[in-house]
Amino acid sequence: MALCAWLLLWLLVPASSGAVNNCHPGCHCDVESFGLFDSFSLTRVDCQGVGPGITMPVAIPLDTTHLDLSFNAMGPLTNTMLAGPGYTTLISLDLSNNHITKISPNALSKLRYLESLDLSHNELEQLSPSCFSGLPLAEVDLSHNNFREFDMDVFTNKANGEPVSIDLTHNKLVSVLATLHGRVLQSQSLNLSANQLSSVPDLTGLSLRLLSLDGNPIARITEGSFAHLKDLIYLSISGLNDLREIEPRGFKGLQSLQVLDLVNNPKLETLSPAIFSGLDSLEELNLSGSGVSSLPNNMLSHLPSIKRISLGKGVRCWRSQKQAQFHRQLGQLQHDDVLSCNVKGVML
């Protein structure tokens with residue numbers, strides 16, 4: 001039995017990494033071999049900072065799955081720079097910090113297994129509609145570029161229907177176009193933090209689970225701003241220095257929302273109970289660092305699933321039960337839920 005267990009472990013655990021002989025002189029290649037007699041192998045290639053004179057496409061082993069080409073001052077990405085032996089098996093590609101100003105429509109077309117793409121810290125202003133066509137992307141980092149407008153249609157022709165995580169932080173976005181003419185994009189998360197959005201963008205057509213709008217100059221959240229995001233479970237609208245008002249039913253349509261993060265919104269001082277209408281699944285509400293210092297005493301009737309609320313500086317409230325009382329007519333003990341806080345005078 002011990003011998004069988006040892007053999008099984010030996011088959012499952014990858015062999016030690018070793019240098020690859022046919023590796024570009026400026027790159028570092030590691031191969032991991034798996035299975036009996038090393039019958040299966042995967043190669044990681046690190047060409048970070050090889051230099052602006054690097055010739056593309058870089059020669060890489062045929063079984064390369066992860067390729068790092070960051071910090072190489074590549075400039076515009078043409079149709080031939082990511083083509084050739086080894087590129088068709090890539091699962092992960094890092095093109096960050098390369099002064100990329102433009103991506104040709106077919107520059108990524110050969111990467112039919114690509115799941116993770118890092119294009120952060122470049123100089124992109126727009127993408128062609130077919131840029132990601134046919135790619136099974138699950139994660140795309142477009143942060144720290146120069147987008148002023150972004151059209152989510154670039155993700156509608158993915159090779160599979162799996163969700164995609166999109167990071168657009170630290171751009172110059174003033175608008176996001178996501179009305180997809182009846183199509184639904186299976187996006188897992190969208191990060192639009194630290195842009196120039198003055199209002200909640202119209203994200204109709206996105207099947208989001210997580211959304212961040214932190215650090216944008218949004219002054220007001222109007223009724224129905226999130227009405228089409230019925231699958232959203234986490235929403236962060238923190239660090240909005242201009243946010244003064246959330247209109248009643250501002251979170252209408254978020255029936256699946258579990259966490260609402262409103263941290264560090266100093267000009268947000270009052271919240272009417274009607275704001276929380278429809279948030280039947282909300283479990284956690286964070287108002288720490290905001291101007292809100294008190295809550296309506298009937299919060300539980302508006303937030304039936306709430307477990308924790310934080311507000312002000314160090315104020316914590318939680319759901320608890322009153323001492324059980326015997327109900328004469330029903331002949332049983334009744335438990336009444338209440339909202340308890342570590343500071344008195346929080347409830348109105």
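This is a predicted model: local features need pLDDT of at least 70, side-chain atom pairs count only at pLDDT 80 or more; totals for chains, interfaces and linings use all residues.
Numbering starts at 1 along each chain as its sequence is written. Local features need pLDDT of at least 70 and side-chain atom pairs count only at pLDDT 80 or more, while totals for chains, interfaces and linings use all residues, and side-chain values use heavy atoms, without hydrogens and water.

Select the whole chain and colour by secondary structure. There are two helices and 22 strands; these are DSSP runs numbered from the N terminus, helices being H or I of at least four residues and strands E of at least two. Of the 348 residues, 41% are buried (under 20% relative accessible area; exposed is over 50%, partly exposed in between; 1.4 Å probe, protein chains only). The chain exposes about 17,500 Å², with carbon and sulfur atoms supplying 51% (Shrake-Rupley method, 1.4 Å probe; for residues, only the protein chains shown count as cover). Of the contacts (heavy atoms within 4.5 Å) between residues at least 6 apart in sequence, 51% join residues at least 24 apart.

Next, select Met56 and Pro57. The peptide bond between them is cis, with omega near 0°. Pro57 lies in the loop between β3 (40–46) and β4 (64–68).

Move on to Phe71, in the loop between β4 and β5 (92–94). Phe71 is not a glycine, yet its phi is positive, near 60°. Its relative accessible area is 47%, which makes Phe71 partly exposed.

Finish at Arg249, in the loop between β15 (245–246) and β16 (259–261). Here too a residue other than glycine has a positive phi, near 65°. Arg249 is partly exposed, at 34% relative accessible area.
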